[in-house]
Amino acid sequence: MTMRFEQILADGVAQCSYILGDDAAHVCAVVDPRPDVDVYLETARRYGMAITHVFETHIHADFMSGARELVDRLGGKAKLCVSVESGAEYGFIHEPVRDGDEFTFGELRLKARFTPGHTPEHLSYFLYDGDKETPWGVLSGDAFFVDSVGRPDLLGDDKTEELTEQLFHTVRDVFMSLPDDVIIYPCHGAGSACGPDIGDRMSSTIGYERRFNSYARIEELDDFKQVIQGDAPPVPTHYPRMKKVNARGPEVLRNLPCIRPLTVDQFADVIEEGAQILDTRDMMAFGAGHVAGALNIGARPELSVWAGWLLDPDCPIYLVTDDEGDLPTVLKLLWRTGFTNFGGYLVGGMGAWREAGRPFSQIPQMSVHELKEANDVNPVDVRKPEEWEAGHIPGATHAFLGKLREQIKDLDPNKAYATYCASGFRASIASSLLKANGIDNVRNVPGSWKAWTAAGYQTTTPDEE
């Protein structure tokens with residue numbers, strides 16, 4: 001037999017799912033699937049295996065679960081296995097899994113271990129060869145990451161203390177009790193907000209983490225509480241919503257979300273009604289001309305996360321794309337953070353809009369050289385707090401992009417602003433958000449912080465100011 005094991009990364013949300021099984025027995029399982037499930041069906045088909053089980057390590061908050069979607073695409077024949085530890089409840093048909101339950105796929109064996117702390121019901125899955133007593137790997141979900149551990153604060157302040165203590169014991173009593181050569185396969189990589197400072201590598205070993213994971217090395221509960229609660233990154237606005245959707249059970253679509261084409265006239269009509277417009281073109285194209293009021297989030301993997309932060313899931317989304325061939329990718333990225341309500345897309349894009357003589361708005365692009373010389377332009381740094389604290393442009397105002405909407409009221413609409421981030425992607429989102437909310441004199445800075453430091457210009461830190 002050949003044991004088949006593949007880690008599948010969903011860029012943007014930095015989410016890892018897994019397909020694993022035995023090709024001699026022709027059976028396999030999928031763990032923590034994303035909603036665009038074709039990748040699992042195609043992988044199983046390529047290896048000549050049938051997906052018989054779909055597992056969830058916990059109720060996810062950061063992305064839309066694809067478990068129900070995948071089971072439906074399998075004709076309802078696969079078992080959807082979820083944790084019922086700590087009284088977890090679900091709004092869909094499922095197979096309950098508890099600590100110690102085992103599942104076999106040919107010579108591959110999975111054993112559920114209760115690993116609470118990130119969530120109350122969290123399970124990890126230990127991986128064994130046949131009847132061997134020592135695992136060779138563990139699917140750690142969001143309980144344990146490369147260089148990090150799961151965050152315990154996503155269920156609110158009233159649960160954080162209890163979950164922090166559970167997480168401490170999960171790390172010390174479960175993970176740190178494993179042999180050094182056991183391989184850790186987490187549910188997230190670097191870029192996810194499900195844990196502080198998650199490392200860049202996609203897997204690790206217990207031995208490496210024992211030596212270098214600063215959270216795993218803490219031996220006292222009080223010290224662990226202080227560090228883990230102090231290091232938590234901002235909570236994205238879509239996390240509480242996704243938690244509820246995934247517990248209830250996401251709607252099964254059986255394909256990508258539907259979206260209808262709209263002519264220029266039809267698109268203009270919905271704008272008059274205050275539509276939510278998302279323009280996924282490159283920042284330079286968007287700046288040169290866009291439909292007034294549109295939010296610019298480029299069609300890159302990061303679209304998933306920033307849509308989760310900034311879009312209203314209760315309002316239909318109207319799309320403007322660079323090319324209609326981009327639609328499947330854009331819809332897939334938005335689906336991953338729970339967006340399935342689409343009003344339509346502009347047929348012919350901005351070219352058709354301009355040729356129809358419709359008005360359009362613009363956002364000037366400002367080089368770092370121009371910004372340095374412009375005494376009347378106020379830099380707005382929209383990076384994460386830790387990026388700001390590590391260094392920023394002198395005289396800049398910090399307004400983290402995820403919370404920028406709340407800070408717009410603090411900006412003077414009569415002043416000129418220039419938004420910057422690490423390279424310009426988030427800056428363009430920010431400038432479009434400011435423009436749509438009455439800050440007309442705004443510019444975007446392509447290249448942003450990278451260009452500023454490459455030019456050798458002065459930087460500062462909060463301690464130096």
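User: What makes the four strands 21-20-22-23 an open sheet, and in which sense do they pair?

Analyst: The order is 21-20-22-23 and the pairing is parallel. The edge strands, strand 21 (397-398) and strand 23 (442-444), each pair on one side only. The model is predicted: local features need pLDDT of at least 70, side-chain atom pairs count only at pLDDT 80 or more, and totals for chains, interfaces and linings use all residues. Residues are numbered from 1 along each chain as its sequence is written, and side-chain values use heavy atoms, with hydrogens and water left out.

User: How do you know that strand 20 and strand 21 pair?

Analyst: Two strands pair if DSSP finds at least two bridges between them. Strand 20 (residues 377-381) and strand 21 have two bridges, in the parallel sense. Asp381 stands opposite His398 in strand 21. Strands here are DSSP runs (E, at least two residues), helices are runs of H or I of at least four, and both are numbered from the N terminus.

User: What makes helix 15 count as packed on the sheet, and which strands does helix 15 touch?

Analyst: Contact means heavy atoms within 4.5 Å. Helix 15 touches strand 22 (416-420) and strand 23, and its direction makes about 165 degrees with that of strand 23. Axes are lines fitted to C-alpha atoms, for helices over the stretch in contact, and angles run from 0 to 180 degrees between N-to-C directions.

User: Why is helix 9 (residues 303-310) called largely enclosed?

Analyst: Buried means under 20% relative accessible area (1.4 Å probe, protein chains only). Eight of the eight residues of helix 9 are buried, so the helix is largely enclosed by the rest of the structure. Among them are Trp306, Gly308 and Trp309. The elements they pack against include helix 6 (238-248), helix 10 (327-335) and helix 15 (425-436).

User: How many cavities of 30 Å³ or more are there, by this rule?

Analyst: On a 1 Å grid over the protein atoms alone, a cavity is a set of points where a 1.4 Å probe fits but cannot get out; lining residues have an atom within 4 Å of a point. Grid points are joined across faces, edges and corners, and a volume is the space filled by probe spheres set on the points. The count comes to two.

User: Which element gives the most to the lining of the largest cavity?

Analyst: Strand 5, with three residues.

Definitions and conventions
Buried < 20%, exposed > 50% of the residue type's maximum accessible area, 1.4 Å probe, protein only. 1 Å grid on protein atoms, 1.4 Å probe; cavity = no way out; pocket = protein on both sides within 12 Å on 5 of 7 lines; lining within 4 Å.
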